[in-house]
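The questions below go through one structure step by step.

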Amino acid sequence: MLRPDFVLPADSQGEFYTAERCYIMELFNTPDCPHTSIARARVKPGVTTQLHSLTGVREVYVIESGEGIVEIDGKQARVAVGDRVDIPAGTPQRITNTGKGDLIFLCLCVPRFTPENYQNLETAGLVP
């Protein structure tokens with residue numbers, strides 16, 4: 001049976017480690033669909049991701065497993081399974097895994113994530 005155009009094959013790249021101190025798996029990110037992308041992030045216990053922002057990109061986290069503390073524009077909040085975090089474009093953000101297991105969440109970006117949008121705020125000297 002032929003695969004129709006509306007069914008996309010699994011990403012062959014799989015999960016990879018990033019300088020952001022987490023593992024990422026791109027679930028949907030293609031220039032053919034510039035208005036959105038979806039990735040799965042995994043943060044090991046005790047790890048805090050890199051303070052960063054996404055220029056021109058709004059991001060929503062959907063917590064799938066684990067627990068943590070998210071920091072958005074200097075404000076902190078606890079997050080757990082089912083929580084959603086709405087991060088406006090250009091806003092400093094990071095998340096800490098406070099649990100015993102991996103913290104796993106989906107990252108929905110509008111428009112789609114590209115490396116050019118990522119701003120490392122730690123090397124910019126903005127880490128509090």
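Q: In which sense do strand β6 and β9 pair, and over how many bridges?
A: This is a predicted model, in which local features need pLDDT of at least 70, side-chain atom pairs count only at pLDDT 80 or more, and totals for chains, interfaces and linings use all residues. Residues are numbered from 1 along each chain as its sequence is written, and side-chain values use heavy atoms, with hydrogens and water left out. Strands here are DSSP runs of E with at least two residues, numbered from the N terminus, and two strands pair if DSSP finds at least two bridges between them. For strand β6 (residues 67–72) and β9 the pairing is antiparallel, over 5 bridges.

Q: Which residue in β9 is the bridge partner of isoleucine 69?
A: Strand β9 covers residues 93–97. The partner of isoleucine 69 in that strand is threonine 96.

Q: How many residues of strand β9 are buried?
A: Buried means under 20% relative accessible area, exposed over 50%, and partly exposed in between, with a 1.4 Å probe and protein chains only. By that rule strand β9 is mostly covered, and the buried count is 4 of its 5 residues.

Q: How many strands does the chain have?
A: Helices would be DSSP runs of H or I with at least four residues, and the chain has 0 of them.

Q: Which strands stand at the edges of the open sheet?
A: The sheet has 6 strands in the order β1-β2-β3-β10-β5-β8, with antiparallel pairing. Two of these strands have a single partner each, so one side of each is left without a neighbour in the sheet: β1 (16–17) and β8 (84–87).

Q: Which residue in β10 is the bridge partner of tyrosine 61?
A: Strand β5 (residues 58–65) runs antiparallel to β10 and is joined to β10 by 7 bridges. The bridge partner of tyrosine 61 in β10 is cysteine 107.

Q: Which side chain of opposite charge is nearest to arginine 112?
A: Arginine 112 lies in the loop between β10 (103–110) and β11 (118–120). Lys and Arg count as positive and Asp and Glu as negative, while His and the chain ends are not counted. A salt bridge needs a side-chain nitrogen of Lys or Arg within 4 Å of a carboxyl oxygen of Asp or Glu. Arginine 112 is buried and has no salt bridge, and at 6.7 Å the nearest side chain of opposite charge is glutamate 116.

Q: With which side chain does the side chain of arginine 112 make a polar contact?
A: A polar contact is a pair of N or O atoms within 3.5 Å; within protein, one must be able to donate a hydrogen and the other to accept it, and residues adjacent in sequence count only if both atoms are side-chain atoms. At 2.4 Å, the partner of the arginine 112 side chain is asparagine 29.

Q: Is the peptide bond from valine 110 to proline 111 cis or trans?
A: Proline 111 is in the loop between β10 and β11. Most peptide bonds are trans. For the bond from valine 110 to proline 111, omega is near -10°, and the bond is cis.

Q: Is proline 88 buried, partly exposed or exposed?
A: Proline 88 is in the loop between β8 and β9. Its relative accessibility is 43%, so proline 88 counts as partly exposed.
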